[in-house]
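Welcome! Have a look at the structure shown here, and then read on for a short tour of its charges, its fold and a few residues of interest.

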Amino acid sequence: MSILSVEQVGHSFHDKWLFKEITFGLAKGQRVALVGYNGAGKSTLLKIIAERLKPDNGKVVKEKDLNIGYLDQDPDFKDYDTVADFVFSQDNLQQQLIRQYEEAIDSDTLDEDKLNDLINQISETNAWEYENQIKTIISRLSITRMDQKISSLSGGQKKRLALAKLLIDEPDVYILDEPTNHLDIEMIEWLESYFTTGNKTVLLVTHDRYFLDNICNKILELDFGKLFTYNGKYNYFLEKKAERAELDQIAYHKNNQLLKKELEWMRRQPQARGTKSQARIDSFYALEEKSKAKPKNEKVELSMKVARQGNKIVELEHVKKSFNDHLIITNFSYVFKKGDRIGVAGRNGSGKSTLLNLITGGLSPDSGSIVIGETTVFGYYNQSGLNLKSDSRVIDVVKEIADFIPMADGKTITASQLLTQFLFPPARQFEFVSKLSGGEKKRLQLMRVLMKNPNFLILDEPTNDLDIDTLNVLEDFLESYKGVLLLVSHDRYLMDKLSDQLFIFEDNAQLKIYSGNYTSYRTDKQTADLISKEKKVEPNQAKSSASKTKLSYKEQKELETLDIEVAELESKIASLHQSMNNTVDHQELSKITAEITELKEEVEVKSERWLELTELSES
């Protein structure tokens with residue numbers, strides 16, 4: 001049974017229908033992904049469902065008192081001054097008590113009477129668990145200062161703050177527009193666990209295929225104004241979409257053949273036409289209209305030329321960089337080689353973009369040297385996007401770079417032809433850039449980068465706002481790309497597919513070089529962490545054995561059992577990590593990862609109980 005229904009909804013934009021007669025329902029506990037090409041109207045449809053925008057046609061019906069939480073791509077904070085003002089709702093008693101408690105314990109002059117009063121009120125309202133939940137959420141999303149002015153936050157920090165508030169409020173329905181943008185990989189993995197725990201109802205737009213596949217088991221595709229439903233995960237969606245495209249093509253050709261026969265019939269002598277069946281005439285015009293709707297299987301085409309590359313590409317020697325006494329990179333050396341395909345990983349704020357700016361000359365190192373080869377041509381796709389005037393036209397943005405562009409096959413095409421390949425048809429090429437969707441602007445930015453025919457391609461979060469179809473084409477292009485590729489991305493699928501080496505930012509400003517892709521790195525790291533944990537536990541186990549007499553007989557037996565159970569669970573986890581190394585199947589990897597997550601949670605619970613009993617035995 002649906003708790004929220006979209007009924008015959010339609011909406012237009014700039015005198016053009018984005019979609020019409022959209023109908024579907026969302027049941028409690030469903031986790032649904034909305035996919036479609038950039039500009040199809042996904043964000044618009046989410047805003048309509050979240051009641052942020054009124055549709056031109058149709059309506060959205062929801063259960064009485066249903067609370068809908070909405071994460072916008074560009075959150076609005078105009079009525080809030082500080083992070084705390086936004087996080088703690090004025091009309092939520094528990095949140096306000098927690099805020100006062102946090103402010104009281106952080107105060108330079110501690111008022112013990114006030115603190116005790118707050119503690120009593122929090123206990124009376126059963127808010128301690130809620131307080132712990134809020135701390136967990138803001139900590140996981142790297143929100144560190146509750147008194148910070150929102151106006152001083154970066155775009156990424158604002159997006160994480162909006163996400164944190166949504167999770168803290170716990171709505172009945174989560175509507176999320178690109179929730180993984182500006183999150184690092186650890187945050188995304190935690191968010192997956194959050195949404196798959198409990199019976200949460202989720203509708204989201206995302207380009208992150210691992211995230212989509214791990215969370216959603218139903219997919220809605222918005223395709224040229226129509227909605228198609230797929231009751232399965234991403235691989236099922238791809239399979240059924242291909243089948244639908246094939247059937248559409250067959251139907252189109254059949255309609256064309258039938259139209260030719262009917263056209264001959266319609267062209268007979270005028271006197272014969274007078275006796276024609278009106279129903280058949282009407283059918284002819286209906287068939288003619290169907291035949292005009294040729295199946296649209298357009299996709300971005302990438303076949304750009306790569307500039308010749310010499311033996312010296314880029315050489316970094318003992319590079320160090322800091323900001324305001326905060327060390328970002330220290331003593332890093334690397335000589336780039338032909339064919340390098342390197343992913344850059346690390347927490348948000350660790351220095352990934354700083355490294356890219358050092359390599360491209362946007363920043364200078366505090367010490368050490370960076371030498372660029374004479375033939376090296378950088379193509380830098382950065383997070384800041386296009387810095388364009390609102391009245392710039394799409395065609396002019398491209399012509400600023402070149403009127404004619406050399407392609408991989410040796411041919412030269414015009415700027416207009418290149419735009420058509422990137423799914424900007426002639427009619428759209430003279431539109432203002434301000435009318436483009438976020439994804440279309442990113443696609444235009446990518447095209448401008450590739451027009452320079454770079455032999456050293458640097459991509460800083462290229463997946464943000466690009467639709468999945470464009471990402472698939474980009475991946476195909478990058479797999480056959482002959483130059484050096486340096487990639488920063490929170491998209492684990494992209495990192496796994498395109499990198500065979502990693503630069504990993506560690507907590508001590510050291511850059512670790514790892515040979516392998518991201519999944520291999522995570523597996524190795526988890527295994528190493530388990531071994532390290534076992535080594536720390538062993539001495540304590542011996543100590544607890546000597547102290548068992550201080551426990552009750554039942555507690556002694558429980559402690560002994562926990563030792564065995566934790567060891568067995570950790571053995572299972574290590575075995576599963578080994579299984580991950582022996583498969584490349586995406587669905588199998590997702591299944592193993594989910595099982596590892598469950599076992600680790602069980603280990604954590606049992607380990608906490610083990611520590612509790614150990615401390616009791618020593619008291």
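## A briefing on charges, fold and backbone

Glu131 and Lys135 join their side chains in a salt bridge, with 3.2 Å from N to O. A salt bridge here is a side-chain nitrogen of Lys or Arg within 4 Å of a carboxyl oxygen of Asp or Glu. Please keep in mind that this is a predicted model, in which local features need pLDDT of at least 70 and side-chain atom pairs count only at pLDDT 80 or more, while totals for chains, interfaces and linings use all residues. Residues are numbered from 1 along each chain as its sequence is written, and side-chain values use heavy atoms, with hydrogens and water left out.

**Salt bridges**

- Glu131 and Lys135 are 4 residues apart in helix α5 (residues 128–140), so about one helical turn separates them. Helices (H or I, at least four residues) and strands (E, at least two) are DSSP runs, numbered from the N terminus.
- Glu131 counts as buried at 7% relative accessibility, whereas Lys135 is partly exposed at 38%. Buried means under 20% relative accessible area, exposed means over 50%, and partly exposed is in between (1.4 Å probe, protein chains only).
- Asp491 and Arg209 also meet in a salt bridge, at 3.6 Å from N to O. Asp491 sits in the loop between β18 (484–488) and α18 (492–498) and Arg209 in helix α8 (residues 209–215), so this pair ties together parts that are 282 residues apart in sequence.
- Both partners are buried: Asp491 has a relative accessible area of 0%, and Arg209 has 1% relative accessibility.
- A network of salt bridges links Arg209, Glu475, Asp491 and Lys497.
- In the salt bridge between Asp85 and Arg99, the closest N and O atoms are 2.9 Å apart. This pair links distant parts of the chain, with Asp85 in helix α2 (residues 83–87) and Arg99 in helix α3, 14 residues apart.
- Asp85 is partly exposed at 24% relative accessibility, while Arg99 is buried at 14%.
- How many salt bridges does a search of the whole structure find? The search finds 24.

**The chain as a whole**

- The protein chain has 21 helices and 20 strands.
- Of its 619 residues, 46% count as buried.
- Among contacts (heavy atoms within 4.5 Å) with a separation of 6 or more, 68% are between residues 24 or more positions apart.

**A buried residue in a loop**

- Where is Glu461 placed? Glu461 is in the loop between β17 (456–460) and α17 (468–479), and at 10% relative accessibility it counts as buried.
- Glu461 and Asn382 are 79 residues apart in sequence, yet 7.2 Å apart in space, C-alpha to C-alpha.
- Leaving aside neighbours within four places in sequence, Glu461 is in contact with Tyr381, Gln383, Val488, Ser489 and His490.

- Glu21 has a positive phi of about 55 degrees although it is not a glycine. Glu21 lies in strand β2 (residues 16–27) and is exposed, with a relative accessible area of 60%.
- His318, which is not a glycine either, has a positive phi of about 50 degrees. His318 belongs to strand β10 (residues 314–323) and is partly exposed, with a relative accessible area of 44%.
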